[in-house]
Structure formats: structure tokens, C-alpha cells
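Here is a short briefing on one structure.

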Amino acid sequence: MSDGASGRTRAVVAGHGTFAEGIRSAVEQISGRGDCFIAVSNAGLGPREIETVLREALARSGARLIFTDLPAGSCTMAARRLQREDPALTVVTGAALPTILSYACGGDLGKAAEQGREALTVLEGKRDA
């Protein structure tokens, strides 16, 4: 991924409400690498407005990767429209903290996705028989 204006921006994180800023903040708290990401919220925005905000974030940062929260959410739909215009753009859907943190710390997207999948665990409690 290319360096952005800050020299560290590597990707855009986009999602519902404060999802993106929460992820960016958590990455910063854990690793000090929150500035690897630009957070974009879809709050109060329509489909074309989300697309515009994402386009501006990519242009401003030089990032070539967008992480989104839901596979069929409005941020993903906007990111996919941008990807049709620019096939070199990468979109990762269903992103969660383990994936994004791994990417921030290592930069290997395939490994980050694998670690995100491995981190999803169901720890069931005891059930009455």
C-alpha cells in the first residue's frame, strides 16, 4: 500500500456509526499504529455521499485498500463502485479488530485475513441439562 500524507496511512476503514473510528482508536491503543488508517463513517450519508467521502479519503491518503464492516452494507457497496472504476483497489469486507490490527502490524493482507478468521471463536457456557 502506498504511503499517505502522514507517511503511514495504509488503508481506509469504513462502516456504520462509529465502527471505523472505534477500530482506528483500538489499533492506536494496542499498537500505536492508528495513524495507518483513515476512519470513514456512513452516518447521515446516502450512497453517493459515502462514495464521495471514500474517494476523497483514498485521494488524500494514497491508500489502495478499504476495510468495511458488513459485506453487503452501504460502505461496501460504495467501495465496490470505486473498485469498478479502479480495479487495482482492494476491498476487504466483514473486517474486525484482529484483522485490521494484524494488517497494521504486519502489512500482509492475506495473513491478516487469516488471523481475523482464526480469531472468531464461540466460547459457550454451560447449559442446564
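This is a predicted model: local features need pLDDT of at least 70, side-chain atom pairs count only at pLDDT 80 or more; totals for chains, interfaces and linings use all residues.

Residues are numbered from 1 along each chain as its sequence is written, and side-chain values use heavy atoms, without hydrogens or water.

**Asn-42**
- Asn-42 sits in the loop between strand S2 (37-41) and helix H2 (47-61). Helices (H or I, at least four residues) and strands (E, at least two) are DSSP runs, numbered from the N terminus.
- Asn-42 counts as buried because its relative accessibility is 9% (buried is under 20% relative accessible area, exposed over 50%, partly exposed in between; 1.4 Å probe, protein chains only).
- Beyond its neighbours within four places in sequence, Asn-42 is in contact with Gly-15, His-16, Gly-17, Ile-50, Ser-74 and Cys-75 (contact: heavy atoms within 4.5 Å).

**H1 and H4**
- Helix H1 (residues 19-31) packs against helix H4 (residues 97-106) at about 55 degrees, with axes 10 Å apart. Axes are lines fitted to C-alpha atoms, for helices over the stretch in contact, and angles run from 0 to 180 degrees between N-to-C directions.
- Ile-23, Ala-26, Val-27, Ile-30 and Ser-31 of H1 meet Leu-97, Ile-100, Leu-101, Ala-104 and Cys-105 of H4.

**H2 and H3**
- H2 and helix H3 (residues 74-85) pack at about 60 degrees, with axes 9 Å apart.
- On the H2 side, the contact includes Ile-50. On the H3 side, Ser-74 and Cys-75 are among the residues.
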